Amino acid sequence: MPTLSAPDGTLLAYHASGSGDPLICLPGGPMQDSAYLGDLGGLDAGRTLIRLDLRGTGASAVPEDPASYRCDRLVEDVEALRAHLGLDTVDLLGHSAGANLAALYTARYPERVARLVLLTPGTAAVGLETAGEERLAAARLRAGEPWFAEAYAALEDLTSGRGTAETFAAVAPFFHGTWDEAARERHADSHRRRNGEAAGVYASEGAFEPEATRAVFAGFDRPVLVVAGEGDANTPVPTATAYAGLFPKADLAVLAGAGHFPWHDDAEWVVETVGGFLE
């Protein structure tokens with residue numbers, strides 16, 4: 001497994017698969033083993049996917065300083081990977097919370113990013129907040145499902161500030177386009193592969209400067225693609241639309257019926273849409 005040293009000496013691992021020009025992929029969670037991204041539905045047929053295991057996750061080492069899990073400090077790990085790969089510019093993909101890291105990298109090193117893909121993105125880095133009704137509206141698209149009533153009641157509690165850890169667990173079906181046995185196993189596995197300590201630091205105070213990041217994005221003239229799942233209660237379509245609006249050259253692509261992991265809902269669409277954008 002290929003590795004590199006971060007600026008502070010932490011050993012970082014990454015995984016390369018496929019063929020074609022490289023695409024650096026940053027996982028969400030936050031701070032989840034990048035293995036869950038897999039081949040992104042077959043995207044590696046036309047690109048070499050470079051999945052970075054963020055420090056303290058997957059095969060990467062645990063850093064000496066836990067404060068280095070903060071998202072803005074991880075930017076230099078991504079830059080170290082770019083330099084290690086010998087790339088002048090990179091095509092960069094961030095999924096979910098990993099989109100916050102992709103955003104901060106782009107804001108700090110805009111000249112290094114050739115194309116940017118924000119896949120069902122987290123929005124803390126740019127200060128976009130999602131209204132509770134937008135999450136509920138996305139969730140109501142699943143009203144015919146047998147599990148809907150319980151999950152929707154839990155989501156109502158969360159959006160009104162009454163949620164608990166148990167309540168959050170109950171809304172899991174709204175993250176997936178199909179809540180079948182495979183989705184349940186993926187959801188359970190995501191908790192086993194997540195570094196909870198690191199996740200608690202990732203978005204801690206000082207991690208984000210939304211106004212500064214948005215200012216860079218307003219002048220970022222490279223191609224950007226924002227991908228949303230129609231039924232994703234985590235990043236509803238209105239939020240993804242607002243995110244795309246922060247850039248002068250962003251396209252928005254919405255997958256009907258999809259959740260927060262669209263490559264599991266329609267792999268062919270993801271390959272065609274994301275792969276076509278990258279070409």
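**Exercises on a pocket and a buried residue**

The lining of the largest pocket is made up of 16 nonpolar, 16 polar and 3 charged residues, where Ala, Val, Leu, Ile, Met, Phe, Trp, Tyr, Cys and Pro count as nonpolar, Asp, Glu, Lys and Arg as charged, and the others, Gly among them, as polar. The model is predicted, with local features needing pLDDT of at least 70 and side-chain atom pairs pLDDT 80 or more, while totals for chains, interfaces and linings use all residues. Residues are numbered from 1 along each chain as its sequence is written, and side-chain values use heavy atoms, with hydrogens and water left out.

**Exercise 1.** Find which element gives the most to the lining of the largest pocket.

*Solution.* Begin with the elements that give two or more residues to this lining, which are α4 (148-159) and α6 (181-192), helices here being DSSP runs of H or I with at least four residues and strands runs of E with at least two, numbered from the N terminus. Of these, α6 gives the most, with 3 residues.

**Exercise 2.** Decide whether Phe220 is buried or exposed, and describe its surroundings.

*Solution.* First, locate Phe220 in the loop between α8 (210-218) and β7 (224-229). Next, take its relative accessibility of 4%, because of which Phe220 counts as buried (buried is under 20% relative accessible area, exposed over 50%, partly exposed in between, with a 1.4 Å probe and protein chains only). Then list its contacts (heavy atoms within 4.5 Å): leaving aside residues up to four places away in sequence, Phe220 touches Thr106, Pro110, Val113, Phe247 and Pro248. Finally, the C-alpha atoms of Phe220 and Glu111 are separated by 9.0 Å, although these residues are 109 residues apart along the chain.
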